[in-house]
Amino acid sequence: MGRGKTAGEVSEGMLLDLGIGIITLPLPLGMGSVNCYLLRAGDGYVLIDTGPPKAWDVLGRELHSLGCKPGSLNLTILTHGDFDHTGNAASIRNTFGGTLAMHPADARMAEIGDMFAGRKRANFILRALVPRLIGFGTSERFIPDVLLEDGASLSEYGLKARVISIPGHSEGSIGILTVDGHFFCGDMFENRKKPAVNSLIDDRDAADRSAEKLAALKIGMVYPGHGTAFSMDELSERPTQGGP
Ligand SMILES: [Zn+2]
């Protein structure tokens, strides 16, 4: 079911011609995999998402093989507060340095170690289980250095891109849109079997508004948190589908 590529299969230690390295990390218990993206940014790099803590060794190794060394990471962006994306943020800052950034509405999740902080649909069983499954403990908690609002430019970090606020999956979900139309959407969309709106949506109305907002933008390829990259046209050709 939507099994992603195993770590290293895509990146093979090389950035794609576009300057994008894709690092796919396994998730526990058949939950599939999650993608982190390493982008060339001037003389350094920008990392989008950090995977689950249990995949730290693989992430560190992959970053090195892609050419990213301690001191060369300008910025790490968390697309939202879920622990399969924020799990190694604290370790990344400690080991590679650079600035940690995310939207203010999800910052509390990382700060207090509760993925359901601020969510409308708090499932209490998941609330207790997820941090253990993913391995998000007190040493994984962090306070971001920079809070990213809608429209924020990333040029000071060497990346010609801006932040697009896309609440729905969580209130603080953001995407990163580069000037050449590459869009890193976090968990707004997924491509497990086919491109679609994520099946886990916390606020359906907000997600609909986010999808409308994106439809008005010039987006070429979409790079999701889960599954392989796809073109925006592919998504708009089908009715968007999601869970309840
Ligand atoms: Zn996710």
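**View 1. How confident is the predictor across the chain?** The average pLDDT of the chain is 88, and 89% of the residues score at least 70; pLDDT is the predictor's confidence in each residue, from 0 to 100. Over residues 239–244 the pLDDT is below 50, and this stretch has 13 contacts in the model beyond near neighbours in sequence. Residues 1–13 also stay under 50, with 33 contacts beyond four places in sequence. Two residues are in contact if their C-beta atoms, placed from the backbone, lie within 7 Å. Where pLDDT is low, the predicted coordinates should not be read in detail. This is a predicted model, so local features need pLDDT of at least 70 and side-chain atom pairs count only at pLDDT 80 or more, while totals for chains, interfaces and linings use all residues. Residues are numbered from 1 along each chain as its sequence is written.

**View 2. The whole chain, to get your bearings.** You can find seven helices and 13 strands here. Helices (H or I, at least four residues) and strands (E, at least two) are DSSP runs, numbered from the N terminus. Of the 244 residues, 47% count as buried. Buried means that 20 or more other C-beta atoms lie within 10 Å of the residue's own, exposed means 12 or fewer, and partly exposed is in between, with C-beta atoms placed from the backbone. Among contacts with a separation of 6 or more, 66% come from residues 24 or more positions apart.

**View 3. The largest nonpolar core and Leu38.** This core has 64 residues, and those with the most contacts inside it are Leu38, Val46, Ile48 and Val222. Strand 2 (residues 33–41) gives the most to this core, with six residues. A nonpolar core is a set of buried Ala, Val, Leu, Ile, Met, Phe, Trp, Tyr and Cys residues joined through C-beta atoms within 7 Å. Beyond four places in sequence, the contacts of Leu38 include Ile23, Tyr45, Leu63 and Cys68.

**View 4. Val58 in helix 1.** Look for Val58 within helix 1, which covers residues 56–65. Val58 counts as partly exposed because it has 18 C-beta neighbours inside 10 Å. Val58 and Ile23 are 35 residues apart in sequence, yet their C-alpha atoms are 9.0 Å apart in space.

View 5. Strands pair if DSSP finds at least two bridges between them.

**View 6. Strand 9 and its two partners.** Strand 8 (residues 174–178) pairs with strand 9 in the antiparallel sense over two bridges, and Leu177 stands opposite Phe183. These two strands form a hairpin with four residues between them, where Gly181 in the turn has a positive phi of about 90°. Strand 12 (residues 221–224) pairs with strand 9 in the parallel sense over three bridges. Here Phe184 stands opposite Tyr223, and Gly186 has Pro224 as its bridge partner. In a regular strand the side chains alternate between the two faces of the sheet. In strand 9 (residues 183–186), Phe183 and Cys185 are buried on one side, and Phe184 and Gly186 are buried on the other.

**View 7. Ser173 in its loop.** Ser173 is found between strand 7 and strand 8. Ser173 counts as buried because it has 30 C-beta neighbours inside 10 Å. Its contacts beyond four places in sequence include Thr79, His80, Gly186 and Asp187.
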